[in-house]
Amino acid sequence: MRCNKPRALLSGIPLAVVLATSITTSRAAPVLVSGPSLFAACTIGGPGTNYVNAEVEPWVAVNPKNPSNLIGVWQQDRWDNGGAHGLVGASSFDGGLTWTTPTALPFSACAGALGYERASDPWVSIGPDGTAYAVSISFNQSNNSNAVAAAVSNDGGQTWGKPSIVIANNEPTLQFFNDKESVTANPIKAGAAYAVWDRLELPNGNPYANRHTAAFRGPSMFSRTIDGGKTWSPPSVIVTVPSRQQTIGNQIVVNSQDGTLYDFFNLITPPFSKAAGKVAFIKSTDDGATWTEPKIISGLQTVSVTDPNTGEAVRSGDIIPEPAIDPATGQLYVVWQDSRFNGGHYDEIALSTSKDGGKTWSAPIRVNKPTGRPAFNPSISVNSSKIVAVTYYDFRNLADGITATLPTDIWQTTSTDTGMTFANEVHLAGSFDLKTAPKAEGFFVGDYQGLGAIGSTFVPFFVQTNSGNLINRTDVFAQP
């Protein structure tokens, strides 16, 4: 998660840029999705610095039953030391052109639910019958209680039912912290959805008082529902790791042709450094009853992200791989941050793909345009025309010597040849000043961003700052 208390391992003017391989174009202005904080009057959750009106870490899902319906979720009122006052969502019923007034998700005390002081890691997925599943890491700052919780919406995300506790660890002396969860609805089986997360284990004490490298282990956990979220199966370990190893960033994609489940994650092993991670996956052909052993796709050679001019830290999804699957062919894709293309100096966006169900993987290629600056927080999706899109942030419009601001832009690049090459680049938003973002171990807009596919189109779903506005530092936007 890296948005909760236990960090993971060690853990504006748009420009038209003409490049040798493609022409950069711009889309229409993005649509504002978020609004004033629903939790502005809430005083629960300290100690720490709370950034009221700061939205971070957005995710979006498209309703396969009604593709004009999208549901977006995000953290609302980010804390500097982990999580937020709560999670919030909004819905669109016209493909992202307009959005409903945001509504609180039932995962925190500020939202009047569960009683946990903070919530983090918003995620949403929608099944073929239109059932929407949202999940949260909910936890306390005042003591050691934490849980993975889930809730369901049957009206396109306008209202949410009573939350279910998938797993809870509320022991006075905590040895476990459940971290970085996600949920995936089965695209061909109504009522079925899968939650995965890593569970940090310590011999004693509080895991949030230590970095993940202090954890004795961090296996991957799995739970499923087959009744539309009414009940969830007892959590089970699906990636067993030895002492002083862990996973993070678990995320499932489902092959619509044969029902195979693929869980992608970062496998962290000694010697500990961010660049020691490995992009890995497991798969299940029996709906999650049994799983293969982890298979390594590639090393994850991140060096983290910093302001190129000042060295100030930028909190990004540097150890979180993002997968996607072509619903028509089952071809698998995964993107992540990597420094291999520039001699280990700064992160860019790497991609690998498999056409044979994960038996073999292509050598990683660079997806972003090389600008001499970091690129980070990739998201990936495949549309009905087999076009692959990747969105990401970068600092290409930061001039040498500029230290007071950090101009940042969001881009989308696409591949029409099943991920072999990426050419057509589109400018989505920016430049905006990233230094206006809340500080949470660095300037922070989230460990990830959303990217939905509606037919042959894409809908990016992202956060940008309101440059210089310390009352309303960030907002969530869609780009239909």
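**Charged pairs and a core**

Tutor: D287 counts as buried, because its relative accessibility is 12% and buried means under 20% relative accessible area, exposed over 50%, partly exposed in between (1.4 Å probe, protein chains only). This is a predicted model: local features need pLDDT of at least 70, side-chain atom pairs count only at pLDDT 80 or more, and totals for chains, interfaces and linings use all residues. Residues are numbered from 1 along each chain as its sequence is written, and side-chain values use heavy atoms, leaving out hydrogens and water.

Student: Which residue forms a salt bridge with D287, with the closest N and O atoms 2.6 Å apart?
Tutor: R224 does. A salt bridge is a side-chain nitrogen of Lys or Arg within 4 Å of a carboxyl oxygen of Asp or Glu.

Student: And where do D287 and R224 lie?
Tutor: D287 is in the loop between β18 and β19, and R224 is in strand β14 (residues 220-225), so the pair ties together parts 63 residues apart in sequence. Strands (E, at least two) are DSSP runs, numbered from the N terminus.

Student: What about K189 and D287?
Tutor: They form a salt bridge too, with the closest N and O atoms 3.6 Å apart. K189 is partly exposed, at 37% relative accessibility.

Student: How many salt bridges are there in the structure?
Tutor: It holds 11.

Student: New topic. How many residues are in the largest nonpolar core?
Tutor: It has 36, and W99 is among those that touch the most other members. A nonpolar core is a set of buried Ala, Val, Leu, Ile, Met, Phe, Trp, Tyr and Cys residues joined through side-chain atoms within 4.5 Å.

Notes:
Helix = DSSP H or I, 4+ residues; strand = E, 2+ residues; numbered from the N terminus.
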